[in-house]
Amino acid sequence: MSQQGPIIVVSTAGRPPFASALDEARIFPVIDTGLTDAVRAVEQMHPAAVLVATSATAEPGFDALAKRIAALQPYLPLIAVDPTTRLPENALPFSQTGGNFDRLMARLRASLRVRTLHITVMRRLDGASLARTALPDFDPTRDATVLLIGRGAAYPALSVSLGERMGLVGALSIEAAAKHLNTRDIDGIVLGEGFSPRVVDAFLTVLAEDARFRNLPVVVTSDGLAPDYELPNLEIISGEPAYIAANALPLIRQHAFEAHLTRTLKSIDAEGLLDPRTGLLTPEAFSRDFATSVYQTLSRGGGLSVARFAFDPAHPRAQLDGARILSRLMRQMDFGATQPDGSVIVAFADTDLRTAHMIARRLSSVMRHTSYGKRDPRSEPAVTVATLMPNDSAKSLLTRLYDQARRAAS
C-alpha cells in the first residue's frame, strides 16, 4: 500500500483489535493514541489516515478531531470503526462483521487512493499555474449524486433525508437503477427495502464484477446481509432514515471529491480548457472552438448544428446534472459548455438539422430526473436546435438559436 505518513489509531479503551489487523497486513508505521491526544498527534505526525475505535466516536472530542482533520490539506481519511452515533460528514463509517478486518483494509486502501489523487492534483496545479483550474472551496456533498433504490415504507423519508444534502435519483426497481448507472455520474447507492435477499445478492455481485462500479459506495439498509463482496465501500447501515442518510453521506462525499479530482486532472491535461465541475469546455474555450468550427464548415462544406438545453433557473442543480450527462454521453466529435443563463449549449459536428434533433431528444430523455421513481419536470430541459446556413457566422447562428428559444418560451 502506498501511503504518505503513518496510520494513527485512536481509542479510549486500550488497543483495539483492528490495530493488530493493520500490523498483520504489514501496514506501518501504526501509532496508537487516546482521543484527548489525537488532535496533537495529527498535527505532529502528519498521518496518511486516522482510524477511530467506536467507543471514542461517542466522546465529545471526536467532533473536534473530525473538524480539525477536515481543515487539513491534502485530504486525510478519517474512518470510524463500528459507529453507533451519527457521524460528521468527513468520518467514513466502517462496520465490522465477526472480527474480519479484510474489508477494513480494503476501505483504507480505497480512501488512501483518494488522498494520493489529491496530492497528485495539488502537485500538478502547482506546476501548471492554471488559475482557472485551481481547486475551489466547494462542498463535495452538494455536487454529489446518490442513487436511491427501494419500494418500502421508508423510501419517501430516505428520499427527503438524502435529497436535503445532495442530488438524488430514485429508482423503484433494479432494472431502472441499472439504466441510471449506465447513463449518469453516480457517487453512491443506497439500497432500501422491497427486494428479496436473492435480488440484493445478484445486484451486489454484478456491481462487484464491473470495474466501473466496484469502488462506488453502496449502503444497504437491511440487516442479515454478509458483506463478503469485492466492494471496498459496501456498508450496512440500518436505523431511522435520518441516521442512514447521515452515515451514508461521508462515503458518498468522498466519492464525489474523487470524481472532482479526476475531472480536475483532465482539465490540467487540457491546459485549463475543461470545466472541472462538469467535464465540458469552459465558456471561453467553447466560444473559440465554435468560431473555428463555423469557419471550417463554411470553408470546407459539411454540416454543423447546435442545441441549447435550457433548465429551470429556480432549480440550478438540474443544469449541473444535465451538463454532466452531456459530457458523459455526447459523441467525441461534439463539444459543449454551460452558460451563465443556466443553459448548456452543445455543438454537433458534421450533423444536419434532422440528425441534431434526434440526438438532442435522446440526450434530453436521459436528463429526466426522478426522485420518487417518477419524472421531475423541473429537471427536463427545454431544447432548441439550429443548423449552420451558408450566410451564417458563429454569432448569427447562436443568435438564431436563442431567438428560437425565446419564441418557444413565449
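Of the residues that line the largest cavity, one is nonpolar, one is polar and four are charged; here Ala, Val, Leu, Ile, Met, Phe, Trp, Tyr, Cys and Pro count as nonpolar, Asp, Glu, Lys and Arg as charged, and the others, Gly among them, as polar. The model is predicted: local features need pLDDT of at least 70, side-chain atom pairs count only at pLDDT 80 or more, and totals for chains, interfaces and linings use all residues. Residues are numbered from 1 along each chain as its sequence is written, and side-chain values use heavy atoms, with hydrogens and water left out.

**Cavities**

- Two cavities of 30 Å³ or more are found in a search of the whole structure. On a 1 Å grid over the protein atoms alone, a cavity is a set of points where a 1.4 Å probe fits but cannot get out, and lining residues have an atom within 4 Å of a point.
- The volume of the largest cavity is about 50 Å³, a volume being the space filled by probe spheres set on the points, which are joined across faces, edges and corners.
- Its lining consists of Thr145, Arg184, Asp185, Asp321, Arg324 and Ile325. Helix 12 (residues 316-329) contributes the most, with three residues; helices are DSSP runs (H or I, at least four residues) numbered from the N terminus.
- The second largest cavity has a volume of about 40 Å³. Gly150, Arg151, Gly152, Ala154, Tyr155, Leu158, Gly192 and Glu193 form its lining, with three nonpolar, three polar and two charged residues.

**Largest pocket**

- The largest pocket holds about 770 Å³ of space. A pocket is an open set of points with protein on both sides within 12 Å along at least five of seven lines.
- Its lining has 30 residues, of which Asp185, Ala259, Arg263, Lys266 and Arg328 lie nearest the centre of the pocket.
- Helix 10 gives the largest share of this lining, seven residues.
- By class, the pocket lining has 12 nonpolar, six polar and 12 charged residues.

**Helix 7 and helix 10**

- The axes of helix 7 (residues 155-163) and helix 10 (residues 241-269) come within 9 Å and cross at roughly 40 degrees. Axes are lines fitted to C-alpha atoms over the stretch in contact, and angles run from 0 to 180 degrees between N-to-C directions.
- Helix 7 is therefore oblique to helix 10, as angles under 35 degrees count as roughly parallel, over 145 as roughly antiparallel, 65 to 115 as roughly perpendicular and the rest as oblique.
- Ala157, Leu158, Ser161 and Leu162 of helix 7 make the contact (heavy atoms within 4.5 Å) with Pro241, Ala242, Ile244 and Ala245 of helix 10.
- These contact residues comprise seven nonpolar, one polar and no charged.

Terms used
Helices (H or I, at least four residues) and strands (E, at least two) are DSSP runs, numbered from the N terminus.
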